[in-house]
Amino acid sequence: MYNPDLYKTPYHKESLSDKTFLVTGGAGFIGSNLVEYLLKYGAKKVRVLDNLSNGYFENIKEFIDLPSFEFVQGDIRDLESCRRAVADIDYISHQAALGSVPRSINDPITTNEVNIGGFLNMLVAAKDSQVCKRFVYAASSSTYGDSKELPKVEGREGKPLSPYAVTKALNEMYAEVFSKVYGFHSIGLRYFNVFGPKQNPNNPYAAVIPIFCKHFIEGTQPTINGDGLTSRDFTFVENAVQANIKALLKESLIKESVTQTHEVFNTACGDQVSLNEMVTLLKKISNKNIDAKYGLERAGDVKHSKASIEKIKIELGYYPLFSFEDGLRISFNWYRKNNQ
Ligand SMILES: NC(=O)c1ccc[n+]([C@@H]2O[C@H](COP(=O)([O-])OP(=O)(O)OC[C@H]3O[C@@H](n4cnc5c(N)ncnc54)[C@H](O)[C@@H]3O)[C@@H](O)[C@H]2O)c1
């Protein structure tokens, strides 16, 4: 039931057997990985709220018979569904959103409704809950927008480059305001290009790593948008899960004020890998000599991205255990095994 390559290291100290969790978007890529960790380490209850618009029942199917697991098919755009989902829940991880820059350019209205309206509903439901101990949400590196500064440091953001980036920046503004106005404190994790098992390659808005793994498995040529020098701080999903666990559960945060304010943390490796370098590694991992084609640069994308991870290291005790190459190897093998 559990992937033998993943979650061999526990990132929490206290027992999970008396703790209840809600993972919105838990049928999606990152959410289902977090669910796997929580169930593997014996959480008392893990509830998923997902409308399956971009996630897959397949990602959580293996957990469905566990008494500690509960799947609720529902939409975060409905406040009552959010209120029901947070009932009896100690720790909330809000992952549900419509990702992808191109999707938001094609359909800014739906992205706005889900990512802003849905986010606000979850924030209100969590604030009104009598039992919620911590609210952690998926923020995004896209919030750095047009800033060319590297590495990206929290507090030094540029202007958004896409409708998606607007929604993620606005989430942070709402969370900040809820902290000031209602004393409801939360933590945003600014993910930098997360990849790994259960990320779907067969979706019109699929991310680059699943698409390229699929090409290498099938022996077909992938297309790089641009010159291949575009670089990202690619983050293996187990590193992102570690950040979530620490943000949710770390009782004695190194800096206590983290739980008395709204804080955002870059969640990444602090490294930079170009698309050309990724193709070179895929050749090595797959043992196939396939060269990429080159196409047009994509709208709404920044050329380079690399995070400073000082803040999350110091304040949450996070340390990325998986390098890009380790993560790419595990992901490639997972796609090969699962015929994705
Ligand atoms: N993957 C990345 O590299 C990355 C980077 C930055 C931020 N993020 C953010 O992390 C979160 C998780 O991303 P992911 O890559 O796992 O994406 P994903 O699409 O695999 O997961 C998101 C899940 O949310 C669900 N969802 C969408 N709209 C919903 C709605 N209205 N009601 C209920 N559920 C809904 C989808 O069905 C899906 O299962 C998202 O908030 C995303 O914006 C991801």
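Q: What makes a residue of this chain count as buried, and how many of the 340 residues do so?
A: A residue is buried if 20 or more other C-beta atoms, placed from the backbone, lie within 10 Å of its own; it is exposed if 12 or fewer do, and partly exposed in between. By that test, 47% of the 340 residues count as buried. This is a predicted model, in which local features need pLDDT of at least 70 and side-chain atom pairs count only at pLDDT 80 or more, while totals for chains, interfaces and linings use all residues. Residues are numbered from 1 along each chain as its sequence is written.

Q: Why is the chain called as compact as a globular protein of its length?
A: The chain has 10 helices and 13 strands, where helices (H or I, at least four residues) and strands (E, at least two) are DSSP runs numbered from the N terminus. Its radius of gyration, taken over C-alpha atoms, is set against the globule rule, 2.2 Å times the number of residues to the power 0.38. The value is 19 Å, close to the 20 Å that the rule gives for 340 residues, so the chain is as compact as a globular protein of that length.

Q: What makes a set of residues a nonpolar core, and which members of the largest one touch the most others?
A: Such a core consists of buried Ala, Val, Leu, Ile, Met, Phe, Trp, Tyr and Cys residues joined through C-beta atoms within 7 Å. The largest has 84 residues, of which Val-35, Leu-38, Val-86 and Leu-189 touch the most other members. Helix H7 (residues 237-249) gives the most to this core, with 8 residues.

Q: How do you know that the span of helix H5 agrees with its number of residues?
A: The expected span is 1.5 Å times one less than the number of residues. For the 20 residues of H5 (residues 163-182) this gives 28 Å, and the end C-alpha atoms are 28 Å apart, which agrees. Buried residues of H5 include Tyr-164, Asn-171 and Phe-178. After H5 comes Gly-183, with a positive phi near 65°.

Q: What makes a residue near the ligand, and how many surround it?
A: Its C-beta atom, placed from the backbone, must lie within 6 Å of the molecule. The ligand is surrounded by 27 residues, and the closest are Gly-25, Gly-28, Gly-55, Ala-97 and Ala-138. Helix H1 supplies the largest share of this shell, 3 residues.
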